[in-house]
Structure formats: C-alpha cells, structure tokens
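Hi there,

Please have a look at it first, then read on.

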Amino acid sequence: MEIVRGRRSVRAFRSDPPAREQIETILEAARWAPSPHGRQPWRFVVVQSATMRLRLSEAMGAEWRRQLALDGQAEATIEVRFRKSHERITGAPCVIVPCLYLEDLDSYPDDERQQAETIMAIQSLGCAVQNMLLAAYALGLDGGWMCAPLFCQATVRAALDLPPTLQPHALIPIGYAAQDPRRRLRRPLDELVTAWL
Ligand SMILES: Cc1cc2nc3c(=O)[nH]c(=O)nc-3n(C[C@H](O)[C@H](O)[C@H](O)COP(=O)(O)O)c2cc1C
C-alpha cells in the first residue's frame with residue numbers, strides 16, 4: 001500500500017536520466033502484467049535519445065496544433081498548450097511508448113466479440129502501464145501518463161518508424177521528479193463500492 005498510495009503523476013523531471021538497469025526493471029514489471037489468454041498484447045518502445053524525443057514531440061505537436069485549430073481554439077491557447085506538451089516530452093530524460101499489439105489475440109467472425117477481445121487487450125495494456133508506474137516509484141523514480149499518442153497514432157508510428165501492427169497508446173515519461181506534485185484527492189471507498197452483496 002505504501003507504493004500504491006505513494007505513486008503520483010509527475011509532469012516535470014530533473015535532467016539526470018534513470019540508469020539502463022532501472023528502465024529494464026520497469027519494463028520487466030510490465031512484462032508480468034496479466035493479459036487475456038496470457039497473450040501479452042503490448043510492446044514497448046523506449047525513447048531515450050534527445051534527438052528522437054524532439055522528433056516525436058515536433059511531429060505530435062504539429063498534428064495537435066492542427067486538431068486544436070479544428071476545435072476552434074485561439075492561437076494563443078494553442079501556443080501555451082503546445083509549449084507545455086513539448087516541454088514535457090523533451091524535458092523527460094526517458095519516454096516509454098506502450099503500444100497495443102493485437103496480432104496474437106483470438107479472432108471472431110462477429111464485431112461484438114472482436115471488440116470485446118480488443119477491449120481486453122487495452123485493459124491489459126493499462127495493467128502493464130500501472131506495473132511500470134509502480135515499479136518506477138519503488139525505484140525512487142516517477143512517471144506520468146500522456147494519452148496524446150492515442151489521438152495521433154499514425155503520426156507517432158511515422159516519427160518512431162514503427163510497423164503498422166503497433167498501435168501507440170500513450171507516452172510514459174520516466175525520471176526523477178523536479179518537484180513534489182500536487183496530490184489528487186480520491187473519492188471515499190463507500191462512494192466507489194456501489195454494492196457489497
Ligand atoms: C488513461 C489515462 C490517461 C491519462 N492521460 C493524461 C494526460 O494526457 N496528461 C496528463 O497530464 N495526465 C494524464 N493522466 C494522469 C491522470 O491525470 C492522473 O493519473 C490523475 O489525475 C490522478 O493523479 P495521480 O496519478 O497523481 O494520482 C492519465 C491517466 C490515465 C489513467
């Protein structure tokens with residue numbers, strides 16, 4: 001419970017990078033996540049080089065600007081949001097991109113069951129990421145979760161030269177927290193447990 005309750009989302013990191021063994025431990029934690037049929041429908045891309053982080057951020061930023069403009073957001077707002085996101089990606093010493101990999105899952109003739117299979121895989125990807133975040137925290141590191149790749153999968157795939165079988169689902173920046181973040185409150189348990197029958 002100490003690790004579970006201690007973990008927090010960190011959005012600004014010191015520049016000193018985690019050691020390679022620490023990143024390997026974090027990935028190892030992901031590997032042991034539960035998955036549908038034990039098929040492990042996730043792959044991980046580690047982006048540590050500053051050049052690649054910049055490339056990724058610039059590619060995603062261009063697409064995001066386009067989407068925000070379509071939403072009708074003011075140019076000044078777009079600029080602020082873009083700069084914050086850019087700083088988060090380029091300022092983190094290591095970024096892990098968890099990708100959904102559906103090739104080994106069961107196939108069904110009907111859409112409904114196929115969709116359930118895909119949802120299970122996404123649930124499992126969440127388990128893998130949570131394992132990573134807990135392992136990072138246990139190592140004295142911190143992580144965050146950026147959902148942006150989900151909104152521009154083709155852009156992320158192109159920037160990182162990924163095959164079409166990988167669906168980028170998130171960016172997980174990993175590093176040492178620059179400062180203690182504000183803690184988010186939780187709803188009381190009796191509000192979350194709607195029945196105990
Ligand atoms: C699926 C998912 C997507 C998230 N996407 C983002 C995001 O894009 N940007 C962000 O700053 N935090 C994101 N978060 C982190 C949440 O904001 C954070 O977990 C929540 O506010 C609770 O704070 P805590 O993690 O510090 O306990 C995401 C979390 C999840 C589970």
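**What I found**

Gln67 counts as exposed, because it has 12 C-beta neighbours inside 10 Å; the cut-offs are 12 or fewer other C-beta atoms within 10 Å of a residue's own for exposed, 20 or more for buried, and partly exposed in between, with C-beta atoms placed from the backbone. Gln67 sits in helix H3, residues 50–70. Its C-alpha atom is separated by 9.8 Å from that of Ile78, eleven residues apart along the chain.

Before going further, please keep in mind that this is a predicted model: local features need pLDDT of at least 70 and side-chain atom pairs count only at pLDDT 80 or more, while totals for chains, interfaces and linings use all residues. Residues are numbered from 1 along each chain as its sequence is written.

Now the chain as a whole. The protein chain has seven helices and five strands, in the order α-α-β-α-α-β-α-β-α-β-β-α along the sequence. Helices (H or I, at least four residues) and strands (E, at least two) are DSSP runs, numbered from the N terminus. The radius of gyration, taken over C-alpha atoms, is 18 Å, close to the 16 Å that the globule rule gives for 197 residues, so the protein chain is as compact as a globular protein of that length. That rule is 2.2 Å times the number of residues to the power 0.38. Buried residues make up 29% of the 197 residues.

Ile23, Ile26, Ala29 and Ala30 are the buried residues of H2. They cover an arc of only 115 degrees around the axis, which puts them on the same side of H2; the arc is that of the directions from the helix axis to the C-beta atoms. Arg20, Glu21 and Glu24 are exposed on the other side of H2. The buried residues pack against strands E1 (42–47), E2 (94–101) and E5 (172–175) and helix H5 (111–138), a contact being two C-beta atoms within 7 Å.

Finally, the ligand. Around the ligand are Arg8, Ser9, Arg11, Trp145, Met146, Cys147, Ala148 and Arg184, each with its C-beta atom, placed from the backbone, within 6 Å of it.

Best wishes
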